Amino acid sequence: MFLATLFLPKNRKNEMICMKEVGKDAHGMLIRDALASCGVRLDYLNTVSVSTGHAVVMLQRGGQNSIIIVGGANVSWPRLGDGMSRLSTNAQQLIRRAGIILLQRELPDSVNIEVAKIAKSANVPVILDVGGMEGPIPDDLFKCITILSPNETELARLTGMPTNTTDQVIVAATKWLEMGVKQVLVKRGEEGSVLVTTGAPPIIHPSILAPMVLDTTGAGDTFTAAFSVALLEKKLPLDCLKFAAAAASLCVRVKGAIPSMPDRSAVLQLLQDKII
């Protein structure tokens with residue numbers, strides 16, 4: 001759904017800015033209202049004449065889900081050639097000033113590539129959440145990524161390697177390190193997470209199990225976003241994983257993708273209660 005989430009440096013109060021397109025419909029208004037209520041800046045959220053992108057979530061027993069993605073405005077970005085940019089000059093400047101860029105694959109690869117190239121040219125870290133499009137990651141996008149964030153199913157699909165065990169996850173993630181990515185952040189649901197980094201030993205972190213799992217929709221997105229926030233705040237890698245684990249644990253306890261995403265105070269309280 002998001003083109004880029006930009007966490008600006010501390011002198012700009014760590015603002016989160018959504019760069020996205022929505023349609024002139026009820027879904028678009030709902031998204032605007034939901035993001036605004038969470039304090040997200042909408043300066044770069046554009047309204048277009050096609051329907052708003054959305055997902056049809058089929059919730060299964062135990063809180064697991066199957067999702068059908070309807071691209072809509074998310075995939076309506078204009079196809080431009082001859083070096084012309086899809087992004088305004090102001091948007092390009094904002095990307096260069098960001099603390100972190102967070103991308104995912106429900107947007108056209110061509111848009112992600114342009115954003116990632118701008119960010120890389122300004123030494124801004126780029127995190128790609130692999131969720132969305134199932135095809136191979138284009139080389140032009142891959143070589144701009146700082147941190148790749150798949151779940152274990154996505155990791156298996158994109159590497160063609162097994163990911164049933166922690167050791168297998170580490171071996172598969174290492175394949176991406178060899179291709180130039182600095183870190184691979186693998187989300188494993190109830191099994192926790194694994195952070196594999198070039199030149200450092202893997203960090204394996206357990207999940208914080210919820211008393212009851214109501215809906216896993218958005219848990220992976222929540223994890224990656226929370227990790228990004230903690231990283232921008234200069235937390236150590238293990239502490240980033242702890243923060244992300246707490247956010248994801250709270251997420252699965254509530255139904256709905258947006259309502260389930262917790263605020264900072266709830267995450268910090270859970271971490272204090274668990275003392276992990």
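This is a dialogue on reading a few local features of a predicted model.

Colleague: Let me begin with the pair of helices H5 and H6: at what angle do their axes cross?

Modeller: The axes of helix H5, residues 152-159, and helix H6, residues 166-177, come within 10 Å and cross at roughly 55 degrees. Angles of 65 to 115 degrees count as roughly perpendicular and those under 35 as roughly parallel, and H5 and H6 are therefore oblique to each other. The crossing of H5 and H6 is left-handed.

Colleague: Which residues make the contact between H5 and H6?

Modeller: From H5 the contact takes Leu-155, Leu-158 and Thr-159, while H6 supplies Val-169, Ala-172, Ala-173, Lys-175 and Trp-176. By residue class, the contact of H5 with H6 divides into six nonpolar residues, one polar and one charged.

Colleague: What does the side chain of Thr-224 make a polar contact with?

Modeller: Its partner is the side chain of Asp-129, at 2.9 Å.

Colleague: Where is Glu-233 found, and how should I read its accessibility?

Modeller: Glu-233 is found in the loop between helix H7, residues 219-232, and helix H8, residues 237-251. Its relative accessibility is 17%, and because the cut-off for buried is under 20%, Glu-233 counts as buried. The side chain of Glu-233 also makes a polar contact with the side chain of Lys-235, at 2.8 Å.

Colleague: What is the phi of Lys-234, and is that residue buried or exposed?

Modeller: Phi of Lys-234 is near 70 degrees, a positive value in a residue other than glycine. Lys-234 lies in the loop between H7 and H8, and at 72% relative accessibility Lys-234 counts as exposed, whereas Glu-233 counts as buried.

Colleague: And what is the phi of Asn-123?

Modeller: Asn-123 has a positive phi of about 60 degrees, although it is not a glycine. Asn-123 has its place in the loop between helix H3, residues 109-121, and strand E7, residues 126-132. With a relative accessible area of 71%, Asn-123 is exposed, the cut-off for that word being over 50%.

Note on methods: Residues are numbered from 1 along each chain as its sequence is written. This is a predicted model: local features need pLDDT of at least 70, side-chain atom pairs count only at pLDDT 80 or more; totals for chains, interfaces and linings use all residues. Side-chain values use heavy atoms; hydrogens and water are left out. Helices (H or I, at least four residues) and strands (E, at least two) are DSSP runs, numbered from the N terminus. Buried means under 20% relative accessible area, exposed over 50%, partly exposed in between (1.4 Å probe, protein chains only). A polar contact is a pair of N or O atoms within 3.5 Å; within protein, one must be able to donate a hydrogen and the other to accept it, and residues adjacent in sequence count only if both atoms are side-chain atoms. Axes are lines fitted to C-alpha atoms, for helices over the stretch in contact, and angles run from 0 to 180 degrees between N-to-C directions. Angles under 35 degrees count as roughly parallel, over 145 as roughly antiparallel, 65 to 115 as roughly perpendicular and the rest as oblique. A crossing is left-handed if the near helix is turned anticlockwise from the far one by less than a right angle, and right-handed if clockwise. Contact means heavy atoms within 4.5 Å. Ala, Val, Leu, Ile, Met, Phe, Trp, Tyr, Cys and Pro count as nonpolar, Asp, Glu, Lys and Arg as charged, and the others, Gly among them, as polar.
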